[in-house]
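Please open the model in a viewer and keep the selection panel at hand.

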Amino acid sequence: MLKQSDIRRICCGAYQENAYLVCPEGRGDAFLVDPGDDLTALRRAIGESGRSLSAILLTHGHFDHILAAQPLAEETGAAVYIHAGDAEMLDDPAKCAYSPEVCRLSPPEGLARTLYGDEIEACGVPVRVLHTPGHSKGSVCLLAEGNILFSGDTLFCAGYGRTDLYGGDDAQMVRSLKRVLALPGETAVLPGHGPATTIAAERRRYGL
């Protein structure tokens, strides 16, 4: 059962994106959620964990969540997972909203990827893949065993992701938020930006 103490947050890049290094107990490997624009900090965290990196899970394809995926995958052999709806963003700097003015790393080029199914297993941890379009066509929230939700830019503490970028859609975002907020209240929410929260706390903010 995954615990929050098994997870290290690494804040990346100009937009202070949250990457998460997940080190399940009793394993020699780890997986990484949304490696953003700070390859040095991510390498350091992996090295300090003493684990090998076996998988990289992307919640969506915007640049601030993906830029370290290619170099880390090439260095470690880790598989990179993304939803089919956002796979095209890994091949197009415009679609992933790449911003050369603020980025240290280059956009991916020819990055090998594996498309999510409805569920995957990462380092022995069952993970449900909840398709939550709205911020982008292929945005997902990743619900790990132990009631831990990596919500990407779908749900924040006191907010949610913008819908005015490529693939964004207001109506889809509303439907996705309803789906996510229907999860058990005790579910821990680890968002793509900002502090952690819970489903119960976010329901109260929305008056649910």
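On a 1 Å grid over the protein atoms alone, a cavity is a set of points where a 1.4 Å probe fits but cannot get out, whereas a pocket is an open set with protein on both sides within 12 Å along at least five of seven lines; lining residues have an atom within 4 Å of a point. The model is predicted, so local features need pLDDT of at least 70 and side-chain atom pairs count only at pLDDT 80 or more, while totals for chains, interfaces and linings use all residues. Residues are numbered from 1 along each chain as its sequence is written, and side-chain values use heavy atoms, with hydrogens and water left out.

**The cavity**

Select C12, G13, A14, Y15, E17, D37, F63, D64 and V102, which line the largest cavity. The space inside this cavity is about 50 Å³, a volume being the space filled by probe spheres set on grid points that are joined across faces, edges and corners. The count of cavities of 30 Å³ or more is 1. Its lining comprises 5 nonpolar, 1 polar and 3 charged residues. Here Ala, Val, Leu, Ile, Met, Phe, Trp, Tyr, Cys and Pro count as nonpolar, Asp, Glu, Lys and Arg as charged, and the others, Gly among them, as polar.

**The pocket**

Next, select Y15, F63, D64, R162 and L165, which lie nearest the centre of the largest pocket among its 13 lining residues. The volume of this pocket is about 170 Å³, and its lining divides into 6 nonpolar, 4 polar and 3 charged residues.

**The sheet β1 to β6**

Now display the strands as a cartoon. Helices (H or I, at least four residues) and strands (E, at least two) are DSSP runs numbered from the N terminus, and two strands pair if DSSP finds at least two bridges between them. An open sheet of 6 strands has the order β1-β2-β3-β4-β5-β6, with mixed pairing. At its edges stand β1 (7–12) and β6 (114–115), each pairing on one side only. Strand β1 runs antiparallel to β2 (residues 17–22), joined by 6 bridges; within this pair, R9 is opposite Y20.

**Two helices**

Select α1 (residues 39–49) and α3 (residues 69–76): they pack at an angle of about 40°, with axes 10 Å apart. Axes are lines fitted to C-alpha atoms, for helices over the stretch in contact, and angles run from 0 to 180 degrees between N-to-C directions. Contact, meaning heavy atoms within 4.5 Å, involves L39, L42, R43 and I46 of α1 and P71, L72 and E75 of α3. Helix α3 also lies across β3, β4 and β5 (79–82), at about 145° to β4.

**The sheet β7 to β12**

Finally, select the open sheet of 6 strands ordered β7-β8-β9-β10-β11-β12, again with mixed pairing. Because β7 (119–122) and β12 (197–198) each have a single partner strand, one side of each is left without a neighbour in the sheet. Strands β8 (residues 125–131) and β9 (residues 140–144) pair antiparallel over 5 bridges, and L130 has C141 in β9 as its bridge partner.
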